Amino acid sequence: MRSIRNGLVLALGITMTAFGLAACGGDDGGTPAASDPNAKVELSLATFTEFGYEALVPEYERLHPNVKITHRKTGQGGPYHQDLITKLAAGSGLADVTAVEEGHLSNVLDKGSKFNDLNKIGPAEASPERWLGWKYDAAKTKDGKVIGYGTDIGPLAMCYREDMLGAAGLPTDPEAVKPLFATWDSYFAAGDQYVAKTGGKAWFDSAAQNFNAMVNQLPTGYIGPDDKPTLDSNQSIKDAWTKVTGAVAKGQSAKLTAFSNEWNSGFKQGAFATKVCPAWMLGVIEEHSGPENAGKWAVTAAFPGGGGNWGGSYLTVPTQSKHPKEAAELAAWLTAPEQQIKAFQAKGTFPSQVKALEDPALLSETDAYFGGAKIGQLFAEQAKKVAKPQYKGPGDGQIQENASSPALQAVEQGKSADAGWTQLLDAAKKITR
């Protein structure tokens, strides 16, 4: 499931297996540059976990008989991106088309000279209007280069256990619960009610999961547009910290580390009642909750603060490629609405293309596990609520993974909120020094 890609790469930086040689296509000798449209061209494509391209690669080869594609796919995203940065510095070894996850995008945007400007070498049909504006803009360097074509996104909604909310006397209908999830204040207030009515049962799974979503909604995150850290002066982040840790102190958190074995088991055991829910999280919930909980989970087109995004990737063409034009054509084709619909149907990767979000094949998609919810239409609506993308400077992802999440876990285990904040500041300074 694509859930594993976005969750493991972006959420926590869990230790993963080595990437090895999964992205070594751009500097392996290749074939001579094509001098005519019929010349044989060998391209390499590097992705991680699930992009839904297994059937699309041979389809492209059938449509372009002169092109041979080697798809180098690795199962884990952390080492993949470490290897990517290493090969960028070395100047060789990257695939002609190299995928980059949004959580790592900031680490390549400041190395824009090492990627082709797709505005210049890409086909005309890959125009800005193809994508949601915020998705397209996020792949722009400061000097205006577009280094990536957007693949998928993770628009945010809220998932919840209907039976558990009902037992606490709270609304259960997807429309009726929307006021509970209108703002973070209303969300945590509902959590207080839930804890009180259930004798202390947890409202949400993890403080870090909520805090990450809250920070990503802010105009400015951990790193400002000047690439300087903001934590010392960003009152909005401190306010989010106060709200989340306050909820922890009132017993709302199940104190689980996302994607741990205990967190996985928590779904089946009913360890928490609500969950921050990007589109790809539905597969995680179904997988870990099991068939015995089918129909108990629901999803609503609401999210505290309006909307947000968690997850998604881009296809880039490094300057190492010996066939940049042909590579850009492949990347553009894979990220066309028609292909992204097929990828969604294959692996649940929610498309970022405007036409795809209006396609009946997407809008008619339902999920029986979530009571037949019209998930295609629901997440398409949520995607349109995302405003201007927050600037992600170098180190942003590392602060989330290696500073804020561990600090919140420490608070959940008994450290005071003030001491946890100091831990976050100290860890962030080590990352950005």
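**Exercise 1.** Which residues in α18 meet which residues in α19, and how are the two helices oriented in this predicted model?

*Solution.* Begin with the contact itself: on the α18 side stand Gln398, Ile399, Asn402, Ala403, Ser404, Pro406, Ala407, Ala410 and Val411, and these meet Ala417, Gly420, Gln423, Leu424, Ala427, Ala428, Ile431 and Thr432 of α19. Sorted by class, this contact of α18 with α19 holds 11 nonpolar and six polar residues, with no charged residues. Next take the geometry, in which α18 and helix α19 (residues 417-432) pack at an angle of about 160°, their axes being 9 Å apart. Because angles over 145 degrees count as roughly antiparallel, α18 is roughly antiparallel to α19. Finally, α18 and α19 make a right-handed crossing.

**Exercise 2.** Determine how α10 is placed against α18, and which residues make the contact.

*Solution.* Helix α10 (residues 235-249) packs against helix α18 (residues 396-412) at an angle of about 30°, with 10 Å between the axes. Since an angle under 35 degrees counts as roughly parallel, α10 is roughly parallel to α18. The crossing of this pair, α10 and α18, is right-handed. From α10 the contact draws on Trp241, Val244, Thr245 and Val248, and from α18 on Ala407, Leu408, Val411 and Glu412. By class, the contact of α10 with α18 comprises six nonpolar residues, one polar and one charged.

**Exercise 3.** Describe the packing of α8 with α9, giving the orientation, the handedness and the residues in contact.

*Solution.* The axes of helix α8 (residues 184-198) and helix α9 (residues 207-216) lie 13 Å apart, and the packing angle is about 165°. It follows that α8 is roughly antiparallel to α9, and α8 passes α9 in a left-handed crossing. Trp184, Tyr187 and Phe188 of α8 make the contact with Asn210, Ala213 and Met214 of α9. Sorting the contact of α8 with α9 by class gives five nonpolar residues and one polar, with no charged residues.

**Exercise 4.** Work out which segments form each domain of the protein chain, and characterise the interface between domain 1 and domain 2.

*Solution.* According to the domain assignment, domain 1 consists of 41-154 + 311-364, while domain 2 consists of 155-309 + 366-432. The C-alpha centres of domain 1 and domain 2 are 28 Å apart. At the interface, 18 residues of domain 1 are in contact with 27 residues of domain 2. The area buried between domain 1 and domain 2 comes to about 1800 Å², and carbon and sulfur atoms give 58% of that area.

Notes. Residues numbered from 1 in each chain as written. Predicted model: local features only at pLDDT ≥ 70, side-chain atom pairs only at ≥ 80, totals over all residues. Heavy atoms only, no water. Axes fitted to C-alpha atoms, helices over the stretch in contact; angles between N-to-C directions. Helix = DSSP H or I, 4+ residues; strand = E, 2+ residues; numbered from the N terminus. Parallel < 35°, antiparallel > 145°, perpendicular 65-115°, else oblique. Left-handed = near helix turned anticlockwise from the far one by under 90°. Contact = heavy atoms within 4.5 Å. Nonpolar A, V, L, I, M, F, W, Y, C, P; charged D, E, K, R; others polar. Domains from an automatic or database assignment. Buried area = accessible area lost by both parts, 1.4 Å probe.
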